[in-house]
Each structure stands twice: as structure tokens, then as C-alpha cells.
Amino acid sequence: MAASPSTARAINDRLALRLLQQEGPLTAGQLKELTGLSRPTVADLVERLTAAGLIEVAGEARAQRRGPNAKLYGIVAGRAHLAALDVRTEGVALVVSDLVGGVLAEASLPIADDTGTGPAVEQAVALVERTAKEAGADRLHTVGIGAPGLIDPATGELRDSTGLPEWHRRLVAALQERLPEARVSVENETNLAALAEQRDGAASDRDTFVLLWLGHGTGAAVILDGTLRRGASGGTGEIGFLPVPGTRGLPSATDCTGGFHSLAGAAAVAQLAAEHGITPDRGADPEAAGAVRAAVSDPGDTAHARFLDTLADRVAVGVASVVALLDPGCVVLGGELGQAGGTELAARVQDRLTTMSPLPVEVRPSTLGGGAVLRGALLTARDHAQDELFGVPGH
């Protein structure tokens, strides 16, 4: 069945807007070439999107003669302002951006363990409000949040999790109350990191891969055929609870001690580094990342090599389990430790997998590291805002 004129216009408008998002400002001629639409159709959509306040003249193409055909059209970046938060146990990091993702302001705030739930929530919300004001945003259209823990697939809410601060769960509701015009959404931090690596990082050429997060905690995110998989209860990738050899017990429903976390979490890796006499680089967070980075800086050193080999043995246990179940073809070592280990650690893990599994898999280091969560939250907020705004004009 042929699309109605209004549906065809909507499809053409969305196509043009996506191209402008991906490519930056384009001339009408370039839009015609990239979309395959006729010149009159492109002229109509340019007029329609300009009238709707979604695109504007952003300059002139240097390679063309001056005049109407040289006009460059771009998305009106100031049409909406977005915020992205990376919520960790020890604090929160924040960016405020325009509609196309251009960062306008950044901030971070440590929150001590002994800070009460109410004060912690108030500090985080005040940080968002203050940073938005500094960015010149009268209001926030969309707020994307990345946080540890399980996201209820039915409600989209962060579930109560033992061991995580209560202020994490309260923060979402508090932001929605203080920013009633904004759309506030929360996603598991490792899932957001995987989306960022897929869009802008180590897995940009892959539709199927697994991100193994190695940081203060451990986790995994699964992307199959281009789609993030969350599982029936939102718990896909809770690899910290995976029972593995080499620990002193088994994990429980409320404590991942004895699971993969006890082998590859930051505390375990820091202890392993101390046993090998490795002094971490100063200022690293977590400290284990500094130890990994120090070892990688001189892998020929005997102690460094032994530490990296033992760490690779541990990480390979988790990766082999993922590969046996999902056959993803690619595993990205993410988080601060994965980025610190770089190609040196990734190569060691891949070498071990060749003897542990008959399934081919490429192990890659993260290119975004600990910043992947914030990047993923911003990309998600931008997609949500554009989906809403780009679907409106003239239809």
C-alpha cells in the first residue's frame, strides 16, 4: 500500500533530519543527492522544516557560488537542551548539551558514603539545576541517567538493589519533580557504555558484541543484531554474580562475593597488583586502573608480565562464559580497567580464549573507558529528544 502524502512527508523529513545529524550542515543539493529525492521535494521539506524551527541556514558552502544553492542548512541546536548524568556510588558526573549533542557545560560532584539520602539527592539535583543555568538552558527537554543496578523493563525504573545507595533511586523521582517539563529516563550504566562503544567507540563496526565492564564493579552488556538485550527482569549481564573457579565461595542473591566480581572487580585487581609489588599511577580512579596502566607501560618487566598474565587468566574466565553462551564474535573490555589494559591486556585475554573455546572471538579494548557511561547517557537523551521533536513538524 502506497504511503499517504502526509506519511511520505514525515518520512522524508525524518530522513533529512537524520542526515543533518550525522553529516552536519548540508546544502539542498547535497540533501537531494543523499536522499535521492527530487529537487522540488527537497525544497518543500527544507521550507517545512525551517518553518517548524527545526533547521536554519548555518552558513554557505565554500565550494559553491554564492547564492541560494550555496546555503548550508543545519539543525537548530538551541531548539532543546539536554542533560546526561553518570551516577556512581561515590558521586555524579554531568554534562549539559544542545540538541545535536554539543557540550555546553560539565560538572561533577563527589558524594561521601556517610551523606544521608535526602542531602545526597538535594546535592545532585542542585548540581543539575546549577549546571543547566551555567549552560544557558532555561529548561531541560530530556535528562538521561546512567546508574548501576537493575532497570525494571516494565516500568523503566531503577530497582532497589542491596549494596547500592538509596539516593540513586530517589534521584530519578526528585529530578522529575523539580524538572516537570523534562523527560527523565534511567538506564543501566553498562548498557549505556555499550551503546556508546557501538556508536562512537571500539565496536562501531559491529552489530553483535558484548561489552565486559571492568571498574569498581563488573558487568556486561549484550548487543545482538544491533539491539540492546535487557532480559526478562532487566538483569542481562549481571556477570559479577557468575559463579567461577578461583574464588573462595559462591555468590548469593544479595552479594556477588564469590562470583566473577571477586576475580576482576577493582578491589580484587588492586590486591593482585599489591601481591606483585606494582605501584599504581597516582590519581587513578579506581586505584586498580593505575596499577594496570603501570604494568602496561612496561610489560617486559617480569613482575608486570606476571601480573598481566594472571589478570588475563581471570578476565578470560568471564569472557569464555559469555562466548560459550552467546557467540558474540567480539568482546570489548570496557570500564577504567579495560581501557587501562589496552591492547596489551586484550591480546592476552584473546590468546587464552583460543585454547578455552572453539568459537572465534575478537577481544578489543575500550576506546571510551570510564567516560562511556556519560557518553551513552548523552546519546540516549539526544535520541529521545530528537525522536519527539523530529516527529512533530507539519504532520
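Where in the protein is Asp 225 found? Asp 225 is found in the loop between β9 and β10 (227–229). The model shown in these views is predicted.

**Figure 1. Overall view of the predicted model.**
The predicted protein contains twelve helices and twelve strands. Its radius of gyration is 23 Å, close to the 21 Å that the globule rule gives for 395 residues, so the protein is as compact as a globular protein of that length. Along the principal axes, the C-alpha atoms fill a box of roughly 70 × 50 × 45 Å. Of the 395 residues, 50% are buried. When contacts between residues at least 6 apart in sequence are considered, 62% of them join residues at least 24 apart.

**Figure 2. Close-up of the loop residue Asp 225.**
The loop that holds Asp 225 runs between β9 and β10 (227–229). Asp 225 has a phi near 50°, which is a positive value in a residue other than glycine. The relative accessible area of Asp 225 is 62%, over the 50% cut-off, so this residue is classed as exposed.

Strand β9 covers residues 218–224, and Thr 218 belongs to it. Is Thr 218 buried or exposed? With a relative accessible area of 14%, Thr 218 is buried, because the cut-off for buried residues is under 20%. Apart from neighbours within four places in sequence, the residues in contact with Thr 218 are Trp 213, Ile 239, Gly 240, Phe 260, His 261, Ala 264 and Gly 265.

Ser 185 is placed in strand β7, which spans residues 183–188. Its relative accessibility is 18%, and Ser 185 therefore counts as buried. Which residues is Ser 185 in contact with, leaving aside its neighbours within four places in sequence? They are Val 143, Gly 144, Ile 145 and His 384.

**Figure 3. Close-up of the packing of helices α4 and α5.**
Helix α4 is formed by residues 117–134 and helix α5 by residues 166–178. Their axes come within 9 Å and cross at roughly 45°, and the two helices are therefore oblique to each other. The crossing in which α4 passes α5 is right-handed. On the α4 side, the residues that meet α5 are Thr 117, Ala 120, Val 121, Glu 122, Ala 124, Val 125, Val 128 and Glu 129. On the α5 side, they are Glu 166, Trp 167, Arg 170, Leu 171, Ala 174, Leu 175 and Arg 178. Sorted by class, this contact of α4 with α5 has nine nonpolar, one polar and five charged residues.

**Figure 4. Close-up of the packing of helices α8 and α10.**
How are α8 and α10 oriented to each other, roughly parallel or roughly antiparallel? Helix α8 (residues 266–275) packs against helix α10 (residues 302–326) at an angle of about 150°, with the axes 10 Å apart. The pair is therefore roughly antiparallel, because angles over 145 degrees fall in that class. The crossing of α8 and α10 is right-handed. Helix α8 contributes Ala 268, Val 269, Leu 272 and Ala 273 to the contact, while α10 contributes Phe 307, Thr 310, Leu 311 and Arg 314. By class, the residues of the contact of α8 with α10 are six nonpolar, one polar and one charged.

Asp 327 is found in the loop between α10 and β11 (330–334). Phi of Asp 327 is near 45°, and this positive value occurs in a residue other than glycine. The relative accessible area of Asp 327 is 42%, so Asp 327 is partly exposed.

Helix α11 takes in residues 335–356, Arg 352 among them. Asp 351 lies in helix α11 as well. At 18% relative accessibility, Arg 352 counts as buried, whereas Asp 351, with a relative accessible area of 51%, is exposed. Not counting residues up to four places away in sequence, Arg 352 touches Asp 309, Ala 312, Asp 313 and Ala 316. Asp 351 and Asp 313 are 38 residues apart in sequence, and their C-alpha atoms are 9.9 Å apart in space.

Note on methods: Residues numbered from 1 in each chain as written. Predicted model: local features only at pLDDT ≥ 70, side-chain atom pairs only at ≥ 80, totals over all residues. Heavy atoms only, no water. Axes fitted to C-alpha atoms, helices over the stretch in contact; angles between N-to-C directions. Helix = DSSP H or I, 4+ residues; strand = E, 2+ residues; numbered from the N terminus. Parallel < 35°, antiparallel > 145°, perpendicular 65-115°, else oblique. Left-handed = near helix turned anticlockwise from the far one by under 90°. Contact = heavy atoms within 4.5 Å. Nonpolar A, V, L, I, M, F, W, Y, C, P; charged D, E, K, R; others polar. Rg over C-alpha atoms; globule rule 2.2 N^0.38 Å. Buried < 20%, exposed > 50% of the residue type's maximum accessible area, 1.4 Å probe, protein only.
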